[in-house]
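User: Hi! I have just opened this structure and would like to get to know it. Could you walk me through it with a few questions and answers?

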Amino acid sequence: MKYHTLNKIKFVIFDLDGVFYRDHEAIDGGKDIIEFLDTNEIGYCFLTNNSCSPLQIYQEKLKACGITINKDKIITTTALLTSYIISKKFKDIYVLGSPNLKSILYENFTHNDVKPDALIVGMHDQITLEDISKAINALGEKSEIIAANPDKLIPKSGGFGLECGVILDILHSVTDKESFVVGKPNKYAFDFILENYNVQKEEVLMVGDTYDTDILGALNSNIKAAWVKTGNTLPNDINHDQFISLDSLHDLIKILDLK
């Protein structure tokens, strides 16, 4: 993808971890790109596949990077799940996930552990095999499985942790039910942003560090994509002409400033 294709960009979707920070360490360029977008009246939001943390956690992490933003600029899979459940007109749900996810969803929908309309799956590092067994036993023939994200591994200090996709594999192998995933790379996440921020896909750029979720999700939604190498590495044998590669967010400022 050539730089001149960004001449119509009016809105930028950012991933968070690996783009603005690693754990609690700020990545250079984050504060500068947000100041540039604000000055040039280019809209933006942050999109994360995480459903574990409340919005204020992301506000605090960004504040540590020198960025102060309102909660309405942060889209988590918890918000995506809520929107999707409403669109399906489900009332009874069973949640397998973090305390934050349970708290928000059970505040808006009825907790039912006997043949609920849907089993909602998000990741939490305290989930046990017993928790998964209870979720499987709660399912009815017509119960649907809705998941926050498809990731199987999440980078952690000293290695990795298991993610939501591993649970989905278990559920599928036992129940033979397919899951609907609301988070990246599913098109649902990007359509949600287009609608809620009232922007057109040709005006939007997705910036992330993970090909399988950020970049592939944008390409699946016909949205321009930029990969920044401050986080995850790119897989082999991919078409680099489909997206822009950035050394840092400072490069994005230079590119957008040229339009």
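Predicted model: local features only at pLDDT ≥ 70, side-chain atom pairs only at ≥ 80, totals over all residues.

User: Let's begin with strand E6 (residues 92–96). How many bridges join E6 to E8, and do the two run parallel or antiparallel?

Analyst: Strands of a sheet pair through backbone hydrogen bonds, either parallel or antiparallel. Within this pairing, Tyr 94 stands opposite Leu 119 in E8. E6 and E8 run parallel, and the number of bridges joining them is four.

User: Which residue in E9 stands opposite Ile 120?

Analyst: E8 is joined to strand E9 (residues 144–147) as well, through four bridges, and the two run parallel. In this pairing, the residue opposite Ile 120 is Ile 146.

User: Are the side chains of strand E8 (residues 118–121) buried or exposed?

Analyst: In a regular strand the side chains alternate between the two faces of the sheet. Here Ala 118 and Ile 120 point one way, while Leu 119 and Val 121 point the other way. Whichever way they point, these four residues of E8 are all buried.

User: Which residues touch the most other members of the largest nonpolar core?

Analyst: In soluble globular proteins, nonpolar side chains tend to be buried together. The largest nonpolar core here has 38 residues, and those touching the most other members are Ile 13, Ile 120 and Ile 146.

User: And which helix gives the most to this core?

Analyst: The helix in question spans residues 187–196 and supplies six residues to the core. There is also a second, separate core of 32 residues, which includes Phe 20, Tyr 58, Ala 226 and Ile 255.

User: What is Ile 120 in contact with, leaving aside its neighbours within four places in sequence?

Analyst: Several of its contacts lie in E6 (residues 92–96), among them Ile 93, Tyr 94, Val 95 and Leu 96.

User: In what order do the six strands of the open sheet come?

Analyst: The edge strands, each pairing on one side only, are strand E5 (74–75) and strand E15 (244–246). Strand E1 (residues 11–14) is joined to strand E13 (residues 204–208) by four bridges, and E1 is joined to E4 by four bridges as well. The pairing is parallel, and the order is E5-E4-E1-E13-E14-E15.

User: What is the bridge partner of Ile 13 in E13?

Analyst: Both faces of E1 are covered, with Phe 11 and Ile 13 buried on one side and Val 12 and Phe 14 buried on the other. Val 12 stands opposite Tyr 44 in E4, whereas Phe 14 has Val 207 as its bridge partner in E13. For Ile 13, the bridge partner in E13 is Met 206.

User: Why does Phe 160 count as exposed?

Analyst: Phe 160 is found in strand E11 (residues 159–162). Together with Leu 153 and Leu 162, Phe 160 makes a nonpolar surface patch of about 330 Å². The cut-off for exposed is over 50%, and Phe 160 counts as exposed because its relative accessibility is 56%.

User: How far apart in space are Pro 54 and Ile 104?

Analyst: Pro 54 has its place in the loop between strand E4 (43–47) and helix H2 (55–64). At 26% relative accessibility, Pro 54 counts as partly exposed. Pro 54 and Ile 104 are 50 residues apart in sequence, and their C-alpha to C-alpha distance is 9.4 Å.

Conventions: Residues numbered from 1 in each chain as written. Heavy atoms only, no water. Patch = residues over 30% accessible without salt bridge, like charges linked within 9 Å, V, L, I, M, F, W, Y side chains within 5 Å. Areas by Shrake-Rupley, 256 points an atom, 1.4 Å probe, with all protein chains shown as cover. Salt bridge = Lys/Arg side-chain N within 4 Å of Asp/Glu carboxyl O. Buried < 20%, exposed > 50% of the residue type's maximum accessible area, 1.4 Å probe, protein only. Core = buried A, V, L, I, M, F, W, Y, C linked by side-chain atoms within 4.5 Å. Contact = heavy atoms within 4.5 Å. Pairing = 2+ DSSP bridges.
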